[in-house]
Amino acid sequence: MARKIDRARPRNTPKSNLLCLGLLAVMANANAQDAAQNQEQLPEADPKQKADPEQKAEPEQKAEYDGQMEEVLVQGIRASIVESLTEKRNANAVVDAITAEDVGKFPDKNVADSLQRVPGVVIARDGGEGATVSIRGLSSDLTFTQLNGNFVASAGGESPRSPNAGDPSRSFSYNLLPSSMIQKVEVFKSSEARLDEGGIGGTIILHSRKPLEMDANSGILNVETTYADVTEEYEPQYSGIYSWKNDAESLGFLMGYTRQERTNRTLRSEVEIWTRQNGAVFLDPRSDGQIDAGGVKYYAPQNLRQEVTQEQRNREGIQATGQWRITDNIELGLNYFRFSLTRDFTRNRIDFPEWVYSSNYLSDTTQNEELGIITGMDFSAGLSGELAQSGSPWIRGEYNREQSTSDTFDIYLNYESNAFAVKITAGHTEAEGGPSEKYQASYYNEGGGDVAAKFWGWRFSDKALTTYLDPDMLSNIRNGVGGGPDIGSTNSSFVNNAQEEDYFQADIDFFVEWGPIQQLRTGYKFRDNNINRNSSNTFWLAPDFDIAAAEAAGGVQRSASYQNQGGMPELTAVIADNSIGNLPGGINTNLFPAIDWDKYSSYLQNNFVRYTRNEENFVYNINEEINALYVQADYELDNIRGNVGLRYVDTAVSSKSSDFYAYNYDFLDQEGNILPEEDRLIEGFQLVTQNKSYAYLLPSFNLAWDLSEEWVLRGAISKTIARPAYSALGAVQNLRWNSQEYENDFSGRSDFDQDDTIGWHGRGGNKDLKPFESWQYDLSFEYYYGDGSGAGLALFRKEVDNFVVDLIVDAERSLPERSITGNNGETEVAGGDVTVQNYITTANGTDATSQGVELYIQHFFDNGFGLSSNYTYNKTNQAAVFVDGVNFGSSPLVGSSDYQFNFSAFFENEDFSVRASYNLRGPTVGALNSLWNLEGENQAFNFYTDDYAQIDVNASYSISDSLIATAAIINLTKSEIYGYLGDNRESQFSGTEYSGRRFYVGLTYNF
């Protein structure tokens, strides 16, 4: 199906102004001619039949389908599926669609949750709610999402498992968008020249409601309450839509509002660091406190963690839309959307660090001999014969207050005649997000010459981490035993990010009769995209601290904050009264002592003054100016239809980062004590700027062959690009130099590899990254055998170059030169043109493929029952990763899953409907673990998420024609997410997560 896309906002430039004036003059002249011609036209001549791309004329054999669509009078699940399948059949490209069951009634509570039932689509969840969308084996950053045809800015914060955690992202955060405002979603799996580039995985276009498409004075009101097993709280949410238009149906306004108050609680166990590189932890197995004979050492996790995150989420959404049909040929419209998401959360952790991996504490171990890893440990503080103070396990946590907002405004002008149609769109979208306040607290097991837990331990088994603590630990802490403050782990830095884009687009569609060519589309689009990522710190200062004087002297320093001035509260004053309970999944433990964050926050507010320091460094900025031109011909010949086009894209990129470097020239004094920071470390920053540009020609070809009224053969070939993630391009370089003296201070550590760490080391972004390039091929057979019933088989292949992966390389850098004299009197020179060893960064891979098959079927029975099902199999290769012509190994495409299966069954009659949906996603490739790199083998392992299955149930009952009762259960199966390291190493645990089973009950009033 042909369609036009809403486009962009002009810059205040002579070229854009002249273009607008020229187009308006053409429209005015054509409108005058049409007014004269229309007096002589026959009544059946309907200019909109040709001018409206949403109603493009179809071949004769498809008229029956259009008629069937108009005859479907039922509302609800069946009507939605019928319309979605009709959209798919009539499309010229490879497209799937989801339509709302009724006004304000999208099939799911979240748009992403609905999209996961589309063949080839995989979603990632945040707090149990769909957050990002991946298509056909590529990461969510390569799924391009638009609202009414234009990009919508979204900014992520540091909330738990946030898809954009700490950095701006090209991926849209679906948990920001209220589903009640969405009427239809299109998923383009093959590209067209008229579509904006950026969707190598696919392009998703969200369509909001418009007032002239609704009845006058119509709308909905919805009130709902939700309950989750992890929170055991009932919480409200509200939404409403009101639409008005005049009797002439030429002027209309629509207002939409939604508000959701929700407590999310995520329960997680994880291995924070699996390392098998420089600094790897390795151990001899032990039994009954003795080292086992045999001399075989096993790698051990460097830190394990169990954490409970409690998040108070408030979401608001506002939509304001206006339409004015000035004449039969001219329409003016505007849209405004504002989305806000407040995510205040606290996080409590119990950590099991590696520094107790010695004979003073470690009594027993279990091993996986095949993988060569430790799978369990038991510890005792009295193993050496006297009570040893270990610090482990840690009681830790975090307090965070943050908000994300997104504002989008666009205005458009449409002109339609018998000969051509013009659409001009201008708009602005901006978003910002991140914490306004954040701080951490940490306490040791030890303190006051005693320990709170005398014994503890953990085990990996059955895809879970099970821990145990001394059952007297909490009561010991309340009695003042143990719980010494860990000042070094009280970081308060946080990241904010902002994104804005101005856009302008002019499209002209010519309606022609050039043989098979029915429509010639042309257009130009300009986008000016700006990204800023910055950092701040939350300090709590003494009431008499002179802030003005400190700022005048160079700024308030971290050393002035409460914890560095002896102001950290005793654990006995802020410990929660009881162990954390209600752990239905994700965590297995007998005891979970935790910080009471209300007490901790009150203590700070009553004794100190909060101060936020905005950092001048640890900042990056990226600007992209994008110019695009396209031409596309829509053709139709007998039973064959489709389009062929070419898109030209030119991108200019400017990136800046404030890179950090540090010279570690010493660490311990002669007595073995840690030196003050000013006596062992020199730090500095330098601004790095880079400008680059690139241009691409992107051809596309789509064909749909209506073999009969029931059968469609479809094919597509296209090339598209996607720009690298902002964080990969702009991430601040963090470089450190270690002196010989610094290295000597660590030479006595027996639990770490003693590989040479002298010289420069670090990590950072790569401003030289190239855009992803992909040739994409699609072939499908589709069978439409009844009203809303159909089946299909699709084959697809993507050939991807320049995909981005994590990598460890030796990198050449030019850094400020320093002559440094250590406390031992030795002088060393550091800096200049240096080689940074084991530099952790990103690089472009080449010759990756993602190919597979999709099967789907949906069928309606005459008795009110129906079903819908699809299966996708996806295979990705191990693609080569080259840097400067050197092969550094291989990696699969991050985000890919081997298979996905969806099945939905439903029943409905005039008053009642119910649907059960089963979603199964196969193992999914995650990021490369840059710390697990086998020396000399150029081999590293990716993280994987295990197969995941979930069942959701939705039901509704019509109390009257206007009042409907609704209910839903999300994650009926209480499924947990499980992760591991390595594609054939399911026993190498990396984490498990549970966000709960959630219930909804509500009332919807239609008017």
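Is D706 buried or exposed in this structure? D706 is buried, with a relative accessible area of 1%, where buried stands for under 20% relative accessible area, exposed for over 50%, and partly exposed for what lies in between (1.4 Å probe, protein chains only). The model is predicted, so that local features need pLDDT of at least 70 and side-chain atom pairs count only at pLDDT 80 or more, while totals for chains, interfaces and linings use all residues. Residues are numbered from 1 along each chain as its sequence is written, and side-chain values use heavy atoms, with hydrogens and water left out.

The structure holds 45 salt bridges, a salt bridge being a side-chain nitrogen of Lys or Arg within 4 Å of a carboxyl oxygen of Asp or Glu. One of them joins the side chains of D706 and R641, at 3.0 Å from N to O. This pair links distant parts of the chain, as D706 lies in strand β31 (residues 681-706) and R641 in strand β30 (residues 640-664), 65 residues apart. Strands (E, at least two residues) and helices (H or I, at least four) are DSSP runs, numbered from the N terminus. R641 counts as buried, at 0% relative accessibility.

D196 forms a salt bridge with K525, and their closest N and O atoms are 2.6 Å apart. D196 lies in the loop between β6 and β7 (202-208) and K525 in strand β26 (residues 517-541), so the pair ties together parts that are 329 residues apart in sequence. D196 is buried, with a relative accessible area of 4%, and K525 counts as buried at 3%. A further salt bridge is formed by E307 and R349, with 3.0 Å between the closest N and O atoms. E307 belongs to strand β15 (residues 303-325) and R349 to strand β16 (residues 330-353), so this pair ties together parts 42 residues apart in sequence. Both E307 and R349 are buried.

An open sheet of 5 strands has the order β1-β6-β7-β4-β5, with mixed pairing; two strands pair if DSSP finds at least two bridges between them. β1 (95-99) and β5 (150-151) stand at the edges with a single partner strand each, so one side of each is left without a neighbour in the sheet. Strand β4 (residues 143-147) pairs with β5 in the antiparallel sense over 2 bridges, and F151 in β5 is the bridge partner of Q146. Helix α4 (residues 77-90) lies across β1 and β6 (182-188) and runs at about 155° to β1. Axes are lines fitted to C-alpha atoms, for helices over the stretch in contact (heavy atoms within 4.5 Å), and angles run from 0 to 180 degrees between N-to-C directions.

Elsewhere, β35 and β36 run antiparallel and are joined by 13 bridges. These strands form a hairpin with 2 residues between them, and G788 in the turn has a positive phi of about 80°. Y784 stands opposite G790 in β36. β36 also pairs with strand β39 (residues 848-860) in the antiparallel sense, over 11 bridges, and the bridge partner of L793 in β39 is L855.

L793 and L855 are among the residues of a nonpolar surface patch that also includes W705, F781 and Y873, with about 880 Å² of accessible area for the whole patch. Patches are made of residues with over 30% relative accessible area and no salt bridge, with like charges joined within 9 Å and nonpolar side chains (Val, Leu, Ile, Met, Phe, Trp, Tyr) within 5 Å. Accessible areas come from the Shrake-Rupley method with a 1.4 Å probe, and for residues only the protein chains shown count as cover. β35 (772-786), β36 (789-801) and β40 (865-876) each supply at least two residues of the patch. Y873, in strand β40, is partly exposed, with a relative accessible area of 38%.
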